[in-house]
Amino acid sequence: MASTMSPYAGETDLAAMQDLLLTAPNPFEPYPTAADLPEMLNPIISDTPANTVVWQEAGGQLVGFAIVSQYNNLRFHFRPGSLTTDVEQEMMAWAMARMR
């Protein structure tokens, strides 16, 4: 199913991102954890919320997210099987633009 990229929208996205990390963890990249996200995405602490996007299916279910940190590190997490070549290209183009 096709997914659509949109800017991070706050608490609703945060809860969905935490749920994704808990239900489909990546054994090869343990960071960020569900517990790290509230601090990472706190607009008082950093500009990371402006540097965060999510991908959702047509029904609104979150399938993945990407974050460019204040140090220009790209962190991303997707539900297994949902990271397509098109999404990878879209994510990399977005990340490169955010890092400039």
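**From a loop into the sheet**

Author: Asn-72 sits in the loop that links β3 and β4. Before we go further, please keep in mind that this is a predicted model.

Now let us step from the loop into the strands on either side. β3 and β4 belong to an open sheet of four strands, ordered β1-β2-β3-β4 and paired in the antiparallel sense. At its edges are β1 (3-7) and β4, each of which pairs on one side only. If you ignore direction, neighbouring strands here are turned by 15° against each other on average.

Look next at β2 and β3. They pair in the antiparallel sense over five bridges. You can pick out a partner across this pairing: Trp-55 has Gly-64 in β3 as its bridge partner.

Trp-55 belongs to β2 (residues 52-57) and Phe-78 to β4 (residues 74-78), so the pair ties together parts that lie 23 residues apart in sequence. Both Trp-55 and Phe-78 are buried.

The other pair joins Phe-76 and Phe-78, and this one is tilted too, with 6.4 Å from centre to centre and 55° between the planes. Together, Trp-55, Phe-76 and Phe-78 make up one aromatic cluster. Are Phe-76 and Phe-78 buried or partly exposed? Phe-78 has a relative accessibility of 10%, and it counts as buried because that is under 20%. Phe-76 has a relative accessible area of 37%, so it is partly exposed, falling between 20% and 50%.

Let us go back along β2 to Thr-52, which is found in that strand. At 2% relative accessibility, Thr-52 counts as buried, because the limit is under 20%. Which residues does Thr-52 touch, if we do not count those up to four places away in sequence? They are Pro-7, Tyr-8, Met-17, Leu-41, Ala-66, Ile-67 and Trp-94.

The largest nonpolar core has 14 residues, of which Met-17, Leu-37, Leu-41, Phe-65 and Ile-67 touch the most other members. Two or more residues of this core come from each of α1 (11-23), α2 (37-40) and β3 (62-68). With four residues, α1 gives the most. Leu-41 has contacts of its own to follow: setting aside neighbours within four places in sequence, they are Tyr-8, Leu-14, Met-17, Thr-48, Pro-49, Thr-52 and Ile-67. There is also a second, separate core of ten residues, including Ala-66, Val-87, Met-91 and Trp-94.

How does α1 lie relative to the strands? It lies across β1, β2, β3 and β4, running at about 105° to β3.

In the loop between α1 and α2 you will find Pro-32, and a cis peptide bond with an omega of about 0° joins Tyr-31 to Pro-32. The loop between α2 and β2 holds Asp-47. At 45% relative accessibility, Asp-47 counts as partly exposed, because 45% falls between 20% and 50%. Asp-47 and Val-68 are 21 residues apart along the chain, and 9.6 Å separates their C-alpha atoms.

Finally, let us zoom out to the whole chain. It contains three helices and four strands, which follow the pattern β-α-α-β-β-β-α along the sequence. The radius of gyration is 12 Å, close to the 13 Å that the globule rule gives for 100 residues, so the chain is as compact as a globular protein of that length. Along the principal axes, the C-alpha atoms fill a box of roughly 35 × 30 × 25 Å. Of the 100 residues, 37% are buried. Among contacts between residues at least 6 apart in sequence, 50% join residues at least 24 apart.

Note on methods
Residues are numbered from 1 along each chain as its sequence is written. This is a predicted model: local features need pLDDT of at least 70, side-chain atom pairs count only at pLDDT 80 or more; totals for chains, interfaces and linings use all residues. Side-chain values use heavy atoms; hydrogens and water are left out. A nonpolar core is a set of buried Ala, Val, Leu, Ile, Met, Phe, Trp, Tyr and Cys residues joined through side-chain atoms within 4.5 Å. Buried means under 20% relative accessible area, exposed over 50%, partly exposed in between (1.4 Å probe, protein chains only). Contact means heavy atoms within 4.5 Å. Rings of Phe, Tyr and Trp (its six-membered ring) pair if their centres lie within 6.5 Å; planes under 30 degrees apart count as stacked, over 60 as edge-to-face and the rest as tilted. Two strands pair if DSSP finds at least two bridges between them. Axes are lines fitted to C-alpha atoms, for helices over the stretch in contact, and angles run from 0 to 180 degrees between N-to-C directions. The radius of gyration is taken over C-alpha atoms; the globule rule is 2.2 Å times the number of residues to the power 0.38.
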